[in-house]
Amino acid sequence: LVGWHYVKQGFGVMTVLAARRGVRFSRRERLTILAHCFAGWAYAWASPADAGTEVEEKGVVYTTIAHSIGLERGTHVVFLATALLLACVLALKWRREGRLPLFTPLVALLASIWSWSIYSSIDPLVAYVIPALHSAQYLYVVWSMKKNQAREREGPPWFETSAPVRLGRLVLSALVLGWIFFHAAPTVLDDWLRPPRGARLPLGPTPYFAALFSIVNLHHYFMDAVIWRRDNPLTRYLRDSAEAGSSMGLDSTT
């Protein structure tokens, strides 16, 4: 689910940032980008081959799903093929329209597929900063949207609290919730409700931390299934404005 989550967000961030720059993608182009996203996800999961290994994650000990070297090689071929197809589609788009959604949107997409999912073990520092960069990518979109909403509601007909105050509350609430769910609540529960010494638990020595960590992340995954959609009412205006310009024979800079 982590790999799916990363490539899904990379695709969503790219299309939203590109739309803000007046660049829209046809159905064929979108399918090509998505094919590369999911091929990268599949290859990241299949590599390296695994006979089934016992590992520990957040105190939970489990055995990985076994998969052969054939699956690794097959997904690698598909990944490279979709990368070549994506390069061709983008080259044709640049030739036809004279521009591409470079630099930030493409970096957002390719970083989520190549760096965060497939080649994350190329250096220990990469694996260390992935969660921070992933959060920064997500929060950039949230910050931009909430900032515009706050500025709009400063004036008529709302005359609500100033934008800096509203954004400050947003930042503070995010920090407090993060501290509660990832530190305070699991620490208190694991300390107060700790089982007898020496007891072996299926969820390890910190079961409440493992449970809360899983719940928050699964909630985050399901949010992605809603946020990065073309029919999301909060971002649909980007698609509608681009389609309206195209139907009127206008270029994207008009």
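Trainee: Which residue just after α3 takes a positive phi?

Mentor: Glycine 98 does, with a phi of about 85 degrees. Please note that this is a predicted model, in which local features need pLDDT of at least 70, side-chain atom pairs count only at pLDDT 80 or more, and totals for chains, interfaces and linings use all residues. Residues are numbered from 1 along each chain as its sequence is written, and side-chain values use heavy atoms, with hydrogens and water left out.

Trainee: What makes a stretch a helix or a strand, and how many of each has the protein?

Mentor: Both are DSSP runs, numbered from the N terminus: helices are H or I with at least four residues, and strands are E with at least two. The protein has 8 helices and 2 strands.

Trainee: How do you know what span to expect of helix α3?

Mentor: The expected span is 1.5 Å times one less than the number of residues. Helix α3 (residues 69-97) has 29 residues, and 42 Å is expected. From its first C-alpha to its last it reaches 42 Å, close to that value.

Trainee: Which residues of α3 are buried, and what covers them?

Mentor: Buried means under 20% relative accessible area, exposed over 50%, and partly exposed in between (1.4 Å probe, protein chains only). Among the buried residues of α3 are Glu72, Phe79, Leu86 and Lys93. Their cover includes α2 (27-46) and α4 (104-118).

Trainee: Why is the pair of phenylalanine 209 and phenylalanine 213 called tilted?

Mentor: Rings of Phe, Tyr and Trp (its six-membered ring) pair if their centres lie within 6.5 Å; planes under 30 degrees apart count as stacked, over 60 as edge-to-face and the rest as tilted. Here the centres are 5.8 Å apart, so the rings pair, and the planes stand at 40 degrees, so the pair is tilted. Both residues lie in helix α7, 4 residues apart, about one turn of the helix. Together with Phe182, they form one aromatic cluster.

Trainee: How many aromatic pairs does this rule give?

Mentor: The count comes to 5 aromatic pairs.

Terms used
Contact = heavy atoms within 4.5 Å.
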